[in-house]
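Please consult the sequence and the structure while reading.

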Amino acid sequence: MQDGQYGFRPEYSCESQLGTVCQDIWNSLDEGFRTATIIVDFSKAFDLVLHDKLLTKIAGTGVDLRVVVWVKEFHLGHSQRVIVEEQISEEVRVNSEVSQRSLLSPLLFLAYVNDIWRNNVSNIGLFPDDCIIYRKLVDNSCIDMLQRDLNGLRKWAV
């Protein structure tokens, strides 16, 4: 698990994350530099977890494949239907979403977002479903690097 992921982890509270980011910004100010900061809200983040990608990411960690199969069958292999008045829809298989009612959901979500740091040079801090990306602005090239990282974050999110 990356150290920048806060929330859903023991001793890594959202308040600690906020303190870390603020300290980094204060350090930059003390050195005479500004900090560019972008905050991203991954609204409905648990609902957007794609099952196939999640299973691929879990398998990529090197865990026993029986764990991957168990997650697929037990946690992700569900369907849903809608009832309106007395009409019941057909059952439809759910291809995305990590149920927030399960004790495993936070761990599965962390496994899903754990590769967000790949190819980034800027600082990234994750809250449960929000992200802050920031960089000390030493010169104009720092803005270009932050933009590249923001573009990479966009590609990752898509």
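## Strand pairing and the sheet

G125 has I132 in strand 7 as its bridge partner. The model in which this pairing is found is a predicted one. Strand 6 and strand 7 run antiparallel and are joined by four bridges.

These two strands belong to an open sheet of three strands, with the order 1-7-6 and antiparallel pairing. Strand 1 and strand 6 are the edge strands, each pairing on one side only. On average, neighbouring strands of the sheet are turned by 20° against each other, direction ignored. Helix 5 packs on this sheet, where it touches strand 1 and strand 7. The direction of helix 5 makes about 165° with that of strand 7.

## Overall architecture

The protein comprises five helices and seven strands. Read from the N terminus, its elements follow the sequence α-β-α-α-β-β-β-β-α-β-β-α. Among contacts with a separation of 6 or more, 62% are made by residues 24 or more positions apart.

The accessible surface of the protein amounts to about 10,500 Å², and carbon and sulfur atoms account for 53% of this area. Of the 158 residues in the protein, 32% are buried.

In soluble globular proteins, nonpolar side chains tend to be buried together. In this model, the largest nonpolar core has 24 residues, and F42, I116, C131 and L153 are those with the most contacts inside it. At least two residues of this core come from each of the following elements: strand 1 (34-41), helix 2 (51-60), helix 3 (65-76), helix 4 (105-113), strand 6 (123-126), strand 7 (130-137) and helix 5 (140-157).

Which residues does F42 touch, not counting those up to four places away in sequence? They are I116, D129, D130, C131, L153, W156 and A157.

## Cysteines

C131 counts as buried because its relative accessibility is 0%, the cut-off for a buried residue being under 20%. C142 has a relative accessibility of 6% and therefore also counts as buried.

A disulfide is a covalent bond between the sulfur atoms of two cysteines. The structure holds zero disulfides.

Terms used: Residues numbered from 1 in each chain as written. Predicted model: local features only at pLDDT ≥ 70, side-chain atom pairs only at ≥ 80, totals over all residues. Heavy atoms only, no water. Disulfide = S-S within 2.5 Å. Buried < 20%, exposed > 50% of the residue type's maximum accessible area, 1.4 Å probe, protein only. Core = buried A, V, L, I, M, F, W, Y, C linked by side-chain atoms within 4.5 Å. Contact = heavy atoms within 4.5 Å. Pairing = 2+ DSSP bridges. Axes fitted to C-alpha atoms, helices over the stretch in contact; angles between N-to-C directions. Areas by Shrake-Rupley, 256 points an atom, 1.4 Å probe, with all protein chains shown as cover.
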